[in-house]
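Open the model in your viewer and follow along. Each stop tells you what to select and what is there.

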Amino acid sequence: MSIIGKSVIRQESYDKVTGRAKYTADYSSRSLFHAKTVISTFAHAKIKSIDTKEARSVRGVRAILAGEEFPLTGEEIRDRPPIAVDKVRFHGEVVALVVADNPKVAKQAASLIKIEYDPLPVVNSPSEALEENAPLLHNDVSKYEKEEGVNPIPKSNIANHVKIRKGQKEKGWSESEVTLEATFGFPPSDHIAMETRAVTAEIRPNGYVYIQSSSQAPFMIKKLISTYFDIDVGKVVVNTPLVGGGYGGKASVQLEILAYLASKAVDGRPVKMVNSREEDMITSPGHVGLEAKIKLGSTSDGCLKVAEITYLFDSGAYSDKAVHLSRAGAVDCTGPYCIENIWCDSYSVYTNHPYPAPYRGFAHTEVLFAFERAMDMLSNKLEMDPLDLRMKNAILPGDRTPTQVKLNRSTVGDVPACIERLRKIIDWDKEKVVKVSDHIIRAKGVCCVWKNSTIPTDSSSGAILTFNEDGSINLISGVVEIGTGTKTVLAQMVAEKMEMDIKNIHVQMRVDTQSTPEHWKTVASRGTFLAGRAVLAAADDALCQLKEIASVVLRADVDDLVVANSRVFLREEPELGVHFREIAYGYVYPNGNAIGGQIIGRGTYIQRNMTHLDPETGAGKPGPEWAVGAQAVEVEFNTRDYTYKVIKAVSVLDIGKVLNYKGARGQVTGAMSMGLAFGAREGFVFDEQARVLNPQLRTYRPVHYGEHPEYIVDFIETPHLDSPFGARGVGEQGLLGMPAALANCLSIASGVSLQHLPLTPEYIWRRKEGL
Amino acid sequence: MLAFDFDYYKPSSMEEAVNQFKVLKRTGKSPMYFSGGTEIITLGRLNYLYADSVIDIKSIPECCTMDFEHDNLYLGSAITLAEIEGSDIFPLLSKVSSEVGDHTSRTKITLGGNICGDIFYREAVLPFLLADSVVFIAEEDGIQAYNINEIFNEELKKKEGDLLVQVVTEKKYVTAPHITIKRQKQWESGYPVITASALKINSNVRVAISGLCPFPFRSREMEETLNNRSVSIDQRIKLAMTKLPEPILSDTEASDKYRLFVLSNVLHDILQALEVS
C-alpha cells in the first residue's frame, strides 16, 4: 500500500502541540551576552551625532557599535551598511547596537543613546523615485559590487531593470480591437511570522564562527558571512533548529550579520539577539510593495494579442532580494495565458521604505494581483464572462511562456481543468450577484494563477540516510522545517521507495551546515522537488548497498533480491532473507567474521537545463515547472457601508501528485488566509516623511480567529515528470490569487473598479465617493 | 520585556493604597496603580510609560465587587472585562466589554484600567455615561461619590493618587433597552473606527461614542437633536452631525471624513433599532 498521498502526521507535531518544541530563542546559557539595536526614527536623514556616553556608563554594557564602517552587505548588490553610517535611509534602520550582560541592560542602555538627525527629503513611492529631481538614495548604484546579471541604471534610483521582449508588440497592437490600460498598486507590508527572528553568534579563539539562527537559509548565512567578512567558508558553521514560520522573510540574511559584529566587538563571546515584534516588522526585511501599469490588447472575441507591462517593485532603501523579486516578477509577468506579444519592463526601485525579503509567492502574488485584475477589467470591456476569457487564453502544452520556454504536459499544469473544476465548485454559471437583504448582496470573483521558481540555475540539494542498530533509518536533509511538514514528506518518500514502515524512519529536524548536506534554501516551494530527488537518490544508494551485502549473505545474485518491510529477500522465496538490522552495520558470521560495514546512503540533485535570462529579451529557462490554479472568493457585501465578510475562498490547484493530502490542504488554506489578510487588511501606512505609522500588532493586524471564511480546496494532479512521484510545488500557490480574486469580487459587488490594496471598507468608500 | 524595574505593593484596603501612593510620591517615586497590567506591559516595553513602583489593587475587596445591592449595581474597578462579559449582570456593558481587545487581553484588562488607562478609546465607560452612574473614588480624606457625567470629561478627572474603586448604576438603567455597535477598519479585530452605545430611557435615546474623537463622550446636544421626532431620522442625524465635539480623529485606523460616514450609518442603525423596539 502506498504511503504517498497519505495524511501522515508530521514528526515534530507532538513536540509542537505540547509546547516542547524548541526554537532558536528558546536556547539559552549563562555565558551569553545580549545585543539590542537602536533604530532610526527617520526615513531619510543625515546622522548629525550619536551620543553613547550615558549608555556606556550603564553597568553591564560590554560594547556599543555605532557610526563605524563595516563591509557593505546585500545578496545581489552590496549596497547596505549593516549599521548606518552618516545617514539613514529608512525608518527602522539600525543606527547602533548595544552588547550587554543581559537583555534588560542592553535595552536600558539602548534607550539612553541620543542621536541627532538632520532630515533629508524623502522618496515615498517607486513612482516618486523615478521623478526627474527625486533625491537619490544611493549616490551611484552602479559603483557597488554586484552579482552577474544585475542591471542597475547609473545615477538613478533603479537597482535593477529586467526586460521581457517576446514577439512584436506593434503587431500585437495592430491586431487588437479592444484595449485596456490600468494602474495598480499596494504598499510594502510584513510577513508576521509567529516567531520573530532570533540568532546567536560566537567567534571561537580558533577562528571558527558558530551561528544559530531562525533561518530558511543556513547555507546562505554561511556563504555570506564568509564573503562579507573574509572568513574561510568552512570555518563558518550555522545551525538551525525548528523555525516558527518563515514565509520567505527568514530567507534574507540580516540579523545574523549584526550578531556576528556584536560577538566580534566582545572578543568573540557568544551574543544573542531576538527581534522585538516592531524590529521584526520594519528593521528586518518585510514584504515588497508594487506599482504596476498594464496595457492589454485583444480581439473583440477575447483572444489576447499583446501585453505591455511596467512593474515598479518598491525595493525600499536597500536592494537585497528586491533585485531577484523584480526578475521573478518579469519571468511570470502575465497570468497563465498564451500571449504572443509581451513587452515587460520590471524594475527594482529604491525608496525610503523598509526593504523587502522574499514573501510567500515571490513576486507572483504581487504581479498576479495587477494582471488578474486587469483581466477582469478587460472581460468587462469585452462583455465576456471572466472565466470564459481566461479559458480562451489559457496557456497549454506547446505554447511559449513570457521567457519563451516551450511548454509540454510535464512542465505546465492543466489550466483549463482547474478553471472547469472551479466553475462547478462555485456554481459560477448561476447568478454572480445575489441580493440577500436590504443592504446585503453576495458576490463572487475569480482569477487564475501560476508560478515557477527562479532560483539559481545550479540550485542543489543533498541527503544522507544512516541506519540504526534496529534497522531503522535516520534521514538527514538540509531542508529547514519551517512549519510546512516537508521533512515528514521526505520520510514518506523514503518509506515508499524502500517499501518500509514510516515509523522506522527518523527525521533529523535540525540543520547543521557542517554535518548536513546542503539544500540551497528552504524557499520557492522547492523542498519536495530538490530535496525529494536527493532523498530518492540516497534511498537508491542505500538499497544498492543493502542488496550487495545481502547477496553475499544469501549467496544470490543482486538481481534476484527484493527489499520490503526492512528486509532484503529472494524474490522467489521471500522467507529467505535478512533484516536490515543484520546487515546495516555489517554482517557477522556465526564464527565472528564480519563483512560490509555501516551503510550510508547518499544522494544529491542539481537543477537540470536551467539557463540565465537573455539581458535584452529575457529569453531563458528560469525554473523546472509551472504549477497552476484557479481561485475564487465569495463575499457578503454591504452596499450601504461597504463592509464585507468573506464567506468562501476556493482554490483548485494543479499540484501534480499530492504527497500528503492534509499537509497539502493545510499549506493551501494557510496560504489562502495569508493572501486574504494581505489583500484585505495588511499594509504599512506611511506619513509624509515616509515613516511607518503602524509598525505594531496593535495597528497592523493579520487575520484573527473568527475572521476565516470556509476554505474549499481541490487538486488536479497533472504529474511533473522530473519530480518525485510527479509532485509540483504547493507551499505558496494558495496565496497567489487571493488578493486578485478578492479585488475582482469586490469590484463586481461595489460597482467601482478596485485597483489598490488593502481592500478596506474605507478604500471602497473613497472610490465610491470619487475621493 | 520592560527596561525598568519597579517595586510591587499589594495593599488590602483602599486607605492603605491611597496612603501608599502618597508616601511613594513624597519620596520622589513615580508610582502607578496596577490591576490587569496590560498597559504597563505593552506601553512600558516601548518606553511610552514609566513607573518605578506599582500598587496592585486586586486585593482591595471593594475593587472586586460585582453585585446588586438595593437596586444598585456595584462594579469594582479590578473586575476584568472577561468577567463582565461572562456574566449578564449589565447586558449593555457585557456586550461593549466583549468587543474590547481579544479574549486573552480581556482576561487581564479591568474595568478601572480600561476607564483610566492611557489608550483613549476607554469603551467600557460608554454604558456608565449613558446610565448616569456614580463613581466612588478613594481620596486622601476618604471615599467620595461623583456623578460620572460630571467627573468624566474626556477622561476621569480625578486627582493624581486618587483611586477609582467602584462604579454604581441604578437597576432601571441596567435593564433598559440598549444597543451597541462597533465598526473597525476591517472585520472584527482592532480599535474602533466608531463604537456607539445607546440606551433607551423614557422613550428617549441616549448615545455615547468612542473612536470618533481622541476621547469617549456623550453629548446632550446630540441627544436632543436625535430625539426630536418631529423630523425624519435622516434629518435628525444630519443635524446631530453638526454638533460633534472636536477634533475628529484621523489616523491609521480611519480618516476623519470616513469616521463621519461610519458614524452617520451607525446612528441610523441605533435609532432604527431603539425607536422600533
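Select helix 13 and helix 14 of chain A: they pass each other in a right-handed crossing. Right-handed means that the near helix is turned clockwise from the far one by less than a right angle. Helices here are DSSP runs (H or I, at least four residues), and strands are E runs of at least two, numbered from the N terminus.

This is a predicted model: local features need pLDDT of at least 70, side-chain atom pairs count only at pLDDT 80 or more, and totals for chains, interfaces and linings use all residues. Residues are numbered from 1 along each chain as its sequence is written, and side-chain values use heavy atoms, without hydrogens and water.

Now colour the contact (heavy atoms within 4.5 Å). Helix 13 of chain A brings residues including A:Val489 and A:Met493, and helix 14 of chain A brings residues including A:Ala531 and A:Val535.

Next, show chain A and chain B together. Their contact takes 33 residues from chain A and 29 from chain B. The two chains bury about 2900 Å² between them. That is the accessible area (1.4 Å probe) lost on being put together, summed over both. Select A:Lys107, A:Arg640 and A:Arg698: they supply 23% of the area that chain A buries against chain B.

Which side chain meets A:Glu278 in a salt bridge? Zoom in on B:Arg45, at 2.6 Å, N to O. A salt bridge is a side-chain nitrogen of Lys or Arg within 4 Å of a carboxyl oxygen of Asp or Glu. The rule finds five across this interface.

Last stop: helix 3 of chain A. Its five residues are the largest share of the side of chain A that touches chain B.

Conventions
Chains lettered and ligands numbered in written order.
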